[in-house]
Amino acid sequence: MTFILEIEDLRSALVPAIDKSMRFIQVQIGFDPDENKIFTLTVQLDVPGGLFGDELSFWVEAEDADGKIETYWDGLETRFISRFYRSQILAVIANSTEVLLNEFEPKSVIMVASSANLPIRATAKYLKIIEVFKKLGYDNQELGRVAGVQSWRFDR
Amino acid sequence: MKHEIHAEFVRTAKDRNAVRAQTVRDTPRAKQVREKAFEALEVYKSQRSKRVPA
């Protein structure tokens, strides 16, 4: 697989979409010219209901010319993307999170890690997102692990 | 937050996310992003094919 980073112009891309009551930002992040695949990143602020306020989640999708889609939730699944490119994509996740929080101003947000027992290196993306919440005045609290899965709650 | 409720919330996160991914995929915005991405891919491939090997 040959991942080529090509992030669309963020000034126009970082516009939250409100569609079917969902609030998300989706941007193109690259493609694989050899396998005819495109890659997109989605960052979403959704309201799962109940006691939890909003929930922040994000994922990468690959789609080929035949419409076959693969969804990646975890950095362990996207090792075909170089570390440098991954840092660029993480910056887009952080920027998108900031735009969504500024736009919709949720009082409480919860974020659940994609996998259990993440190695320290894999938690870096969550730490970067936590920094965004802190910057915007949210208090953050790491909730107890559930079967090794970390989660965080943010309030303001 | 009650522990049992939180535990259930964490356990069901993957299910919620799978539904979200499918729902987002079907939105006009997502279709537009994918169309533009395929256009960018074609431009890249076209430019690559014009390059003269060193």
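Leaving aside neighbours within four places in sequence, which residues is A:Ile4 in contact with? In this predicted model, the partners of A:Ile4 are A:Gly30, A:Phe31, A:Asp32 and A:Pro33, together with B:Tyr44 from the other chain. A:Ile4 itself belongs to strand 1 of chain A, which covers residues 4-5. A:Ile4 counts as partly exposed because 16 other C-beta atoms lie within 10 Å. A:Lys68, 64 residues away from A:Ile4 in sequence, is 19 Å from A:Ile4 in space, C-alpha to C-alpha.

Chain A contributes 32 residues to the contact between the chains, and chain B contributes 29 residues. On the side of chain B that touches chain A, at least two residues come from each of helix 1 (3-11), helix 2 (13-25) and helix 3 (28-50) of chain B. Helix 3 of chain B provides the largest share of that side, with 13 residues. By residue type, the side of chain B that touches chain A is made up of 16 nonpolar, 8 charged and 5 polar residues.

How far can these features be trusted? For the complex, the predictor reports a pTM of 0.91 and an ipTM of 0.88. Chain B has a mean pLDDT of 87, with 93% of its residues at 70 or more. Within chain B, helix 2 has the highest confidence, at a mean of 91, while helix 1 has the lowest, at 88.

Turning to chain A, strand 5 (residues 54-64) is largely enclosed by the rest of the structure, because 10 of its 11 residues are buried. Strand 5 of chain A is paired with strand 4 (residues 37-46) of chain A through 10 bridges, and the two run antiparallel. One of these pairs A:Thr40 with A:Glu61 of strand 5. Strand 6 (residues 69-72) of chain A also runs antiparallel to strand 5, with 4 bridges between them, and here A:Val60 has A:Tyr72 as its bridge partner. Strands 5 and 6 of chain A form a hairpin with 4 residues between them, and A:Gly67 in the turn has a positive phi of about 85 degrees.

Beyond its neighbours within four places in sequence, A:Leu41 is in contact with A:Gln26, A:Val27, A:Ile29, A:Phe58, A:Val60, A:Ile89, A:Val92 and A:Ile93. In soluble globular proteins, nonpolar side chains tend to be buried together.

Two loop residues of chain A deserve a look for their backbone angles. Most residues other than glycine have a negative phi. A:Asn36, in the loop between strand 3 (22-32) and strand 4 of chain A, has a positive phi near 55 degrees. A:Asn36 is partly exposed, with 15 other C-beta atoms within 10 Å. A:Ala147, which is not a glycine either, has a positive phi of about 50 degrees and sits in the loop between strand 8 (139-146) and strand 9 (149-155) of chain A. A:Ala147 counts as exposed because it has 9 C-beta neighbours inside 10 Å.

How values were computed: Residues numbered from 1 in each chain as written. Chains lettered and ligands numbered in written order. Predicted model: local features only at pLDDT ≥ 70, side-chain atom pairs only at ≥ 80, totals over all residues. Contact = placed C-beta atoms within 7 Å. Nonpolar A, V, L, I, M, F, W, Y, C, P; charged D, E, K, R; others polar. Buried ≥ 20, exposed ≤ 12 C-beta atoms within 10 Å, placed from the backbone. Pairing = 2+ DSSP bridges. pLDDT = per-residue confidence, 0-100.
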